[in-house]
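Hi,

Here is the structure I promised to pass on to you. Please have a look at it first, and then read my notes below.

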Amino acid sequence: MSGPVTFSVDGRQVTARDAEASLLDVLRDEVRVGSAKDGCSPQGQCGCCTVLIDGQPRVACVTPVRRVMGRSVTTFDGLDPAVLDQWSSALVATGGSQCGFCTPGIVVRLEALRGKAGGALLARPAVDQALLAHLCRCTGWQTIVEAAATVTSRLSTATDLPAAEGRDLAAAAERATIEGGSPQRVGGEIARGRGGFAADGAPADALVAMLGHDGGWVVGETVAEVRRLASPVQGRRSTIALGWPIELPDGAWARTLRTTWVEPAYLEPDASWCAPGGQPALVLANGGAFGGKQHSIVGAVARRLADEHGRPVRVLLTREDTVRTGPKRPPLAAGVDADGRGVVRIARTAGITEAIAAVAPGLVVVEVDGPGPPTSAGVRGAGWVEAAVLLASLEATDLVRSPAGAVAEAEVTDGRVDVRVRCGAPLDEVVLRSYCIGAAHQALGWVRSEAVAVDGDGEPLDLTIRSFGVLRAVDMPTINVEVVPADSPAVNGSDAVFAAVAAAAWRHRGHPDRWPTDRR
């Protein structure tokens, strides 16, 4: 089809100018619908762009717009306002939305599921199955499922739902900022996907820039046009076996551990925009990206290209480019003796020796050169968590004290994770609990399933978001979090939980010497 494509979006007729574009590109660039997010386009694997087409949930990034000619598309924004109030209230009440990037797509699918069930209470297995089409990196799924149970409990109005009454949302935002490592907000607007993401805030006349296959920046009027011009690297999942790139140190060790390349796997790809002579939009919106965006290039590129073109420029990394160019957790090979002394051989990474020394001064750190993707000590707990886990494995319980001063203890059994955390004044237990559950989810995945295959030249081969090994909702055990209040100043608690759950998950698997334990 080469002519115009006319269809309905949230009850109004629209005509797509570019019949060869995806539905997602048209919704975002032409119709200006910001609630449909681009987390992996055109992989169709993260679910962030989910909309309803004639009432059926579909991922818009792999739907050619020509296929919706004459049809009805409903986005998150087009749902019944009372329904949106229910979902946003429930998500705030449970902590089911942290950064808010993936939330609109999840709500669209679960609301379709509720409609199919005639408004009846949704059972946990049905919700878990629906969430197979989505990825959420922040929450660990459990609080989303709790929000879904709240919304579908035959409550008639948003006022019937647990809401913000009695909660200090400023204190909640303070706790979220401490846990996420960047300024954050908590409230209904965040649950509606309005967390200030740079890709959503660029002016309508901004040019678009993306990396081309040769490494240069390609600039054009729309994402669809630039994608055609740039011919970017296409996502794929490799079939080669994982590799553990660093050899163990010589010695008679009580415990050894080898890790491989791990992707931070934040859901919002790097994005920024800038007007000529202006300040680039912050790469971090309402989340910290687990330290993976600390040195992102997109802001500086947006400023340079805006000055060159004399127009605002929106710079976007594709999902594939975030994997190819973004920092990974540095792999290591370590051994410790029964007294907690040992050697850690780790990919050369600025600041990593100091990070390990902060919790394990008795370990000798040897930084190793070799081919591989960039690494960063800023990725969540890099170095110190591995050291803390090694030392905890020598003890009877998996208790960890973080460099920030938080203390966490965890136990992992079949179908259950129990966590106890002390991290100063809780400020808001809903938010703290949510971040601790998310940390437990990430720790379980890191130990059991998360890894990226890398070739002999150091190039990542697993470029699809599903190939990173992030645990799905159906994979998750029940996570119980006990917050121990304290009068001391609030400090980050979820990183300590991340370390404690990693230690407990490793113990539960019998301390095999390679992570991930469940992939080979």
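A word on terms before the sheets: two strands count as paired if DSSP finds at least two bridges between them. Helices (H or I, at least four residues) and strands (E, at least two) are DSSP runs, numbered from the N terminus. The model is a predicted one, in which local features need pLDDT of at least 70 and side-chain atom pairs count only at pLDDT 80 or more, while totals for chains, interfaces and linings use all residues. Residues are numbered from 1 along each chain as its sequence is written, and side-chain values use heavy atoms, with hydrogens and water left out.

Strands β14, β15, β16 and β17 form an open sheet in the order β14-β15-β16-β17, with mixed pairing. At its edges are β14 (398-401) and β17 (478-483), each of which pairs on one side only. On average, neighbouring strands here are turned by 15° against each other, direction ignored; for such angles, axes are lines fitted to C-alpha atoms (for helices over the stretch in contact), and the values run from 0 to 180 degrees between N-to-C directions. Strand β16 (residues 416-422) runs parallel to β17, and six bridges pair them. Within that pair, Asp 418 is opposite Asn 480 of β17. Helix α14 (residues 429-448) packs on this sheet, touching β15 (407-413), β16 and β17, and its direction makes about 130° with that of β17. Contact here means heavy atoms within 4.5 Å.

The other open sheet also has four strands, in the order β8-β11-β12-β13, and its pairing is mixed. Because β8 (255-258) and β13 (363-368) are the edge strands and have a single partner strand each, one side of each is left without a neighbour in the sheet. Its neighbouring strands are turned by 10° against each other on average, direction ignored. β8 and strand β11 (residues 332-336) run antiparallel and are joined by four bridges; Arg 255 has Val 336 in β11 as its bridge partner. The helix that packs on this sheet is α13 (residues 384-392), which touches β8, β11 and β13 and makes about 30° with the direction of β11.

Aromatic rings and charges

How many aromatic pairs does a search of the whole structure find? There are four. Rings of Phe, Tyr and Trp (its six-membered ring) pair if their centres lie within 6.5 Å, and planes under 30 degrees apart count as stacked, over 60 as edge-to-face and the rest as tilted. The rings of Trp 446 and Phe 498 are a stacked pair, because their centres are 5.1 Å apart and their planes are at 15°. This pair links distant parts of the chain, with Trp 446 in helix α14 and Phe 498 in helix α15 (residues 494-508), 52 residues apart.

Trp 446 is buried at 3% relative accessible area, and Phe 498 is buried at 2%. Buried means under 20% relative accessible area, exposed over 50%, and partly exposed in between (1.4 Å probe, protein chains only). Trp 446 also pairs with Trp 515: the ring centres are 4.8 Å apart and the planes at 85°, so this pair is edge-to-face. Here the link runs from helix α14 to the segment after α15, where Trp 515 lies, 69 residues apart. Trp 515 is buried too, at 1% relative accessibility. Ring pairs join Trp 446, Phe 498, Trp 506 and Trp 515 into a cluster.

Arg 514 lies over the face of Trp 244, 4.8 Å from the ring centre. A charge sits over a ring if NZ of Lys or CZ of Arg is within 6 Å of the ring centre and within 35 degrees of the ring normal.

In their hairpin, which has two residues between the strands, Asp 54 takes a positive phi near 50°. Two bridges join β3 to strand β5 (residues 72-74), again antiparallel.

Of the 14 residues of α2, ten are buried, so this helix is largely enclosed by the rest of the structure. Its buried residues, among them Trp 87 and Leu 91, pack against α3 (103-116), α5 (142-151), α7 (188-191) and α14.

Best wishes
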